[in-house]
Every structure is written in C-alpha cells, then in structure tokens.
Amino acid sequence: MRSTSSGELAKSLNHISGFVSGDTYTNMEECKMSIGTLSEQVLIRLAKMLDNSTCGWRQLANAVSEQAKFRCSESELTSCSLQVLSAAGSPGRTLLARLADRSCSLDFLLHCLRKIGHQEAAQYLTTTVSELIQITVQPQTQRATVGGRVVLTCRAFGPPGLSYQWFRGKEEILDETGSTPELVLCPLAPVHEGPYICRVHHGGNFIFSQWAHVRFVQSAGPSSGCSSSLFPGAASGLHIILQPRSQAVSEGDTLFLECSAEANPPAQYEWYHNTVPVAQHKMRSLKIPCVTTAHRGQYRCKMFNLYHEAWSDTATVTIGPSSITDASWVEVDRGPDSQEVHRPTCRPGIHPLQQMVNPPPSARDFYATDKVALLIGNMNYLYHTQLCAPIADVHELTNLLRQMDFKVVSLLDLNWQEMHSAVTEFLLLLDKGVYGLLYFAGHGYENYGNSFMVPIDAPASYTSEHCLCVQNILTRMQEKETGLNVLLLDMCRKRNLNDDIIVQPGLLKVTANIVFGYATCVDAEAYEVKREDVSNGIFINFLKRRVCVDEKVTVMLDRVAEDMGRCEITRGRQALELRSNLSERRSLTDQIQTSECSASHSARNLQWTVAHVLPKSHCLQFDCGVKVQLGFAAEFSNVMVIYTRILEKPKEIVSCCAQLIDFPEDVDIDLKQSNQETLLEAGSLLLINENLPSPEVPSLYTRIQCLQRLRRELTFTICLHYTYSNMDDEVQERKPVTVGKPLVSKLNLHEPRAPRACSTSSSLSLDSFNVPEGSSFASVGSASSSWTYRAQTGRESFTTDSPTSSRSANIPEETDSPELFEAPQPLVASKSLPHSQVNDTNYTFSDMYNFHSY
C-alpha cells in the first residue's frame, strides 16, 4: 500500500474543503466529464500539441464551433493569438480554458481532435481518460452502539491495481482493514466515532470519497460484541436525512435526484418512476442524462436494510422548455454560460464511449450565406428622459450574437441623420440568403401598426418625421432577398398623441421569413431594472438566457415570453409580443455557407472590417528618454478606449505619467473620467488583466465616445508629466498624435446618404468608407464576453437591494506594432469567466414606484 503522510492528506483535504467529489464521478455509462476535470499538467501538455499553425488551436476552435455555445468570437481568437507575445503564454492553453469555462465535455473535445486529424492529441486524451478513477460505491453514514460492528464500503472503477487508504479525520488507519475497499470497525469503541473518508489512488492519480460519519446511539440491550452472525447487538434502524426534490428540466438536460438515509446495516436503495422500478439504479442518486418527455412524472426511492424499510417523499419532475418557476424576479444560474446549454445528442442503445469515437452527425436543414446585425442603444436624449440600460443591453447582446458568427455593428447614442446612415450601411451588408437582425433599445412609440425608433435629438413633441419607421426598414431589407429578417424592438409602444400622420410604408412581400420580437405589447411600456451599479432591460434579462439556443427563432422567443410571464413583478405591465410569418425552421445558430455567393461575402467582410479597424499601437520616444506605449481597444463600434503606459524611463526620473489632452470637439469625452488608472473609473465596460513589467508602471485609460461624429482624422496630444530626483518642480513634454479615423468614423454617418444607396440588392459600393491606402484589417471587432458598468443615478427604474454585482473579465481588441514585439509585454486579456457568473445577483423589488419606462 502506498503511504501518505498526514501533512499530504491535510493539504489534500484543505484543497477539497469538505469534499463532495463523489457527486462528480458517476458510473461509466453516465460519464460526461468536463475538460475542467483534467489536471493542469495534462492541459499544458495538450496545449503544447495545439500550439502550431497547421493542425492546432485555430483548427480546433473552428471544429468546436459546430456547437454554438463553444464558438469563439473574433476578439476571443485575437486574445488567444496575443498569448504568443508572452514568454509563458500559450494560445492552445487559453482556448482550452475557454472551453472549460463553457463546460465542454471530454468526449466532444476528443471528437473535435479526431475531426481535425490531430492523432497525437486524440491518443493522449484517450489514454488520460482511461486512467481516470471514478468512485461507484460511496461510504455511508451509520449509527451503531458501543461494542457493535460497522462496515464502511468504498468501491471505484479505474485502471487495474487500485489502492485504498482510509482516514478518520486527518489520521490514516494503518491496520490491515484500512487498505481494502471495506473498513470493518469491530468491536466499536468511543474512539471510533467521527468522520471517515477513503482515498483511492493509482500511481500519481487519486480521488477522495465523500465523508461518512460513524455515530453512537443508546443500546436497547446488552451487546454481544462481534460474532459471525449478522450484526448482533447492533442498533437496527433507518433514518432518512435527504429527500429528493421536485424540479423542472428541459429536454436534453440531465435529471439528478438524490436521497440518503442513515442506517445500520447500511441502507440499500431502489428508485421508482410512476410506481415502476427504475432498472440499473440501485444507488442513493438517480442520474438520467438527456431526458425526454417520457421521463416526466413522479419519483420515489425505497430505502431498506435487514430490519427496516422507508419510502422517500414524492418528487414531481416536469419536462419542458422552461426552468423558471419562481413567481418573482430571480436571476437563475443555468449553467456555465448562464444560458441554454447545448448538449450532445443522446442515441439510445449506444455506449457513450462509442459516441466518443463515432459522435452523431450535426445535420443542418437550413443555413445562411452570412449573418449581420445592427444594434442601436440610445440613452442620452437631449429633450427626453435619460435611460441607463441600453449600454449594457447592446453590449451583452453583441457578445452573444458574435458567439453565433454574426457580424455585429454596435452603436450608442445616434441622432436622426446618424441612424438613417447606419441603417443604410447595414442594408449594404445584406444580400440573398443573409440573416439580418436589427435591435433597438431606447425611446419609441407605435401609431396605426407602425413602430418608430426615436433618435436622441428628437424634439419634445416629436412626430414620425423626426423618427425612423421600422416597417420602412423591413421593406428595404426584403429587397435584398434575405434568408431571415429579425427585428427586436426594446422600446415602448404607447400611442404618440402628437403624431396624427398615418405613415404608408412600402408593401411587404410574402417572403415567410419575418420575425418581430416586441419587448412589450401594443399600447404598453417597456421597463428596465436598475441597481446601484448596473442597469438592464427586462427584455434582455430574459432574452440572454435563450438567444443562443439551437432552435427555431420563433420557438426561442416564445420561450422567452413564457419566462417573462412567470415574473410576477412585470405581470400585467410588460409582456413580450411575437409577430412572425416564418415558415421554415430558421435559427440564429444556423451555420454559414458562402459557396453560393463568395464574391458578395468577401465584399461584405471588407465593408464590415473597415468599420472596425483600430489604430495601430504607437511607441513614442520623448526627449527626456521616456518611452511611452499608446494602445487602443474597442468597446462598441463607435466607442474606443485609449491607454498609455510607460515602457522605459531614465533612472534620474523618479515619477512620470502620460496623459491625453486636446481632443477634437467632434467626439464626446468625459474629462472627469479621462486619464484614469482603471477602466472602471474611465467608465468602460471592458476589464483587462494587465501583465506589466512591474507593479510601479503607471497605465492610464481614456474612453472616447460618439466616434461616428468625427469629421476628420483623430488628433490629440500626449502630455508627459515627469519629475527629476534632484528637482521639486514637475516638467512637461508634449507630442501631437494623429491616428486616422478609427472604427465606425470611416463611414461618415453624419453625412446624408443618397436615396438609391439601399435600393439595389446588388449594390456593394465602398465609396462611403473612405478606405486609406495600406489600411490593416488585422484587428477586427469589438469587445466580447461579459459586461460590467457603473450607471449614474437620476432615473426612476426597478431597484434592487444588492449593492454589488459579479464582474467578469472582458476581452479587448487591441493592436500592437511589430516593432514592439521585443518590448515589455503588452496588455493580455484575462480568461473569460462563465456567463453564469455575470449579473447573477437575485433581483428583489422593494416597491412598485420604481418602475420607469422607455
């Protein structure tokens, strides 16, 4: 038997903190282990195999995208690429971490490795999985009398030659009974009372069982001690300590029921479904992967030993699309991405290990030639109530759509001209078979069946001439022969009493591919929920749970409506309304196939890319010897963060910092939030993990908004403040910087568009982009993953009693010049957290007066 010091055990026990690993590993037929169960050593070795350009991490990222929740956005792929700039960085390890965050299973990873032809990694993973240890029988808590007999049993499945070590607390049991699957305690003495745990190991691999407690009870009669008879003198009895709970799960989910009893002799278990015994389930936990409607009904567990029998309470299991059952606004943690989890299809009668080798095909009936989305969030109205939620709503929906391969243009605070121009540019991205999605969050109204989006410069008594008619946009979308048109309107639909004009939009064609998702009903208002540090619209709070589900888009929105209907606080005030003529099973997760119109697809890619080009990182040398790095990150298509940091400084300079000043009047900069030491203080949604040469190196952040109003190249000044060791006065040195027209500013949205610009479906002109010669399109897109935002108060809305919210890392887009590769390490994005860890605070509402509508 392999010995273990008490110190090693203490370290292991402290690491597991009360250990429940027995719930993680089940029998082999139910094994769907996550990548996260692999050790760091195994992950590092796999990463080394994937860090190559021919058959490596990029090919794996493309292979795993067959399941929508594992798709990486362009910014996430950029983040992986940037790891090569760090000596210890590994793109493959970063990708594996992202897959682990999203609960990617080992069998799916193995399937994808085989798919890309990486035999070495597939063989290594297969060998590693075969060496994993899984406990099949857990030791059970028992009650007995002094002088009686107790048997604790722990059995495991794994490679041949498994060894067992038993511990009472942190003290190893070193006698003969302590090295077998069964630990016999006879005759029982007071010293035997306490917690027991078993360590199963093979070579360097090990796993701990769950804790089992031996407790004493008063003897009903004289003890006979140990004998060959069955438990003579033992306190026979059975006490249920854990009851199965009723629950609602969706088709394809895993059903998990659990019960437990303290008994001596140990209890045995039998599960019953609608009074019929469930075969092959003789343990205290019942786990059924990939449930169907046939599994709904009532479940009970019979617990028994030689002397007693007891039945658990009845657990009712419902199988359906919804898992939100509480009659209050509660943020429900629904898994690693906080959204519907896509699981591998279960094929009855086929062993899971066979599915690892021959996984089910992912057949597709429909596909898109491309997928593009325009997201507009208007908050800072000039003559109307200020809104808080659109910035967070647009940011979060942008990240989710990018996971489904949408080309997303995300814009904040547009006036009338800018909204018209943005829609025109959006229509240029559409073509035959393209999926087009338009989302608007802000003030709005509906008159005579037509919906109107209100720009931020609309006058106090606005009419249709000051707004954009959604039905007119849809008519223009239809001219492109799109494959799917989705319009999501997160705004009020109250009647505008100032507007008596009946707008006559163009006639809609019978295309059977239109989906309208209204955040509220006709003549009703839409609301946002407000906390101290974050705001979210009611609609997006429910939509984000469902939008990435691989099902027909109308079915997805129907389930969002059902979820909203279960929210008691909005019942009677806001309900999602769905209008559709969609006749095919089109889903937002449908794959893109570009073979039929590759030329058009390339042109759309170029158009979209031009609108998302960031300036190259600059490295400036000042006369005093200080070297400053200037970098850029995109938050939205019209919002950019500029950061400065000191790379080098002479020893005689004791302190210095580089601040940005003299910005043009076209763009919007909050001077109170400029040149801040953290992104949060700068008002940004991005969170960056800075890997700087030393903690003393200063970094300052400035957030630039409304880039769509920039009429010329962006110019500003870097003002270097520094102090010499032998001087008290501060010295300043300035350098002007010109970085061209970043992001959406190249589109000149402030300029009127020709009426014919969006009427021809084949029009793919790039005239309005003003592309400079030699422009690099290496850095595309904007930030992804999770969001965090500190909202300003001053607007009535839903309020919550939670002062804080969970924040997760956000991946910024950034560029670095080749000449900086030998310089100190640039910004490196931290690992993205699961979506479930973002905004997971339970909402509770203190009063009804905190409603405020769009």
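With a disulfide taken as a pair of cysteine sulfur atoms within 2.5 Å, the count comes to zero disulfides. Cys469 is in no disulfide, and the nearest cysteine sulfur, that of Cys467, is 10.0 Å away. The model is predicted: local features need pLDDT of at least 70, side-chain atom pairs count only at pLDDT 80 or more, and totals for chains, interfaces and linings use all residues. Residues are numbered from 1 along each chain as its sequence is written, and side-chain values use heavy atoms, with hydrogens and water left out.

| Residue | Relative accessibility | Class |
|---|---|---|
| Cys469 | 8% | buried |
| Cys619 | 29% | partly exposed |

Strands are DSSP runs (E, at least two residues) numbered from the N terminus, and two strands pair if DSSP finds at least two bridges between them. The antiparallel strands β25 (residues 450-453) and β26 are joined by two bridges. They belong to an open sheet of three strands in the order β24-β25-β26, with antiparallel pairing. Because β24 (444-447) and β26 (468-469) each have a single partner strand, these edge strands have one side left without a neighbour in the sheet.

Elsewhere, strand β8 (residues 194-202) pairs with strand β9 (residues 205-208) in the antiparallel sense over four bridges. His202 stands opposite Asn205 in β9. Two residues separate β8 from β9 in this hairpin, and Gly203 in the turn has a positive phi of about 65 degrees.

How values were computed
Buried < 20%, exposed > 50% of the residue type's maximum accessible area, 1.4 Å probe, protein only.
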